[in-house]
Amino acid sequence: STFDAHHNTPVHSIYYSVLTRILVTVDVRAIIKLWQMPTATFKFAAPLGELPTAVACSRTFPRMLMGHADGTVRMIYLKQGSPEQIDPVQTVTPHTDEILCLTFCDALRLYASSSADRSVHVRDFANRLLHRLNFDRPARSVVFTDDRGSMMLSQGISVITIASELV
């Protein structure tokens, strides 16, 4: 089945929250829309201001992260009872350059962001900066590999493992 998500405007990206069964679509004008699946029932629309450069959805919590070119990371709550509300949107500016990757560690209620500013930040769900890891080049991709907070990141041809004790 298909549906016209943005009224003849091309869809730039889509994301899905398994937990809430909400489909998030972003069109080329940077309009975000939320849809309750599997019925594709429209719930909410709002302008983002700019297209996200990175997105992550939690598999355990009704949360989504969006990163932007200016280094801003937005945490969006996808509430099951009222998915039409993005309430509240917590915005932090932890980086000085474009966000390249976002990832969740749901077991510890943490998330990590990597940026073109060559840093990786680890924050808790209250957006408190817990760790700042600095590198000689940007980490293009970051992922938590276990429930203890261990991470792997990619830099060019290298993949680096970071033990949880160092995060």
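Residues are numbered from 1 along each chain as its sequence is written, and side-chain values use heavy atoms, with hydrogens and water left out. Because the model is predicted, local features need pLDDT of at least 70 and side-chain atom pairs count only at pLDDT 80 or more, while totals for chains, interfaces and linings use all residues.

**Asp27**

Asp27 lies in strand β2, residues 22-27. Helices (H or I, at least four residues) and strands (E, at least two) are DSSP runs, numbered from the N terminus. Asp27 counts as buried because its relative accessibility is 0%; buried means under 20% relative accessible area, exposed over 50%, and partly exposed in between (1.4 Å probe, protein chains only).

The side chain of Asp27 makes a polar contact with that of His6 at 3.0 Å and another with that of Arg29 at 2.6 Å. A polar contact is a pair of N or O atoms within 3.5 Å; within protein, one must be able to donate a hydrogen and the other to accept it, and residues adjacent in sequence count only if both atoms are side-chain atoms. Leaving aside residues up to four places away in sequence, Asp27 touches His6, Thr9, Pro10, Val11, His12 and Leu51, where contact means heavy atoms within 4.5 Å.

Two strands pair if DSSP finds at least two bridges between them.

The two hairpins of the sheet are set out below.

| Hairpin | Residues between the strands | Glycine in the turn, positive phi |
|---|---|---|
| β13 and β14 | six residues | Gly149, about 100° |
| β14 and β15 | two residues | Gly156, about 60° |

β13 and β14 pair over four bridges. Phe144 has Met151 of β14 as its bridge partner, and Val143 has Met152. Strand β14 (residues 151-155) pairs with β15 (residues 158-162) over five bridges; here the partner of Met151 is Ile162.

In a regular strand the side chains alternate between the two faces of the sheet.
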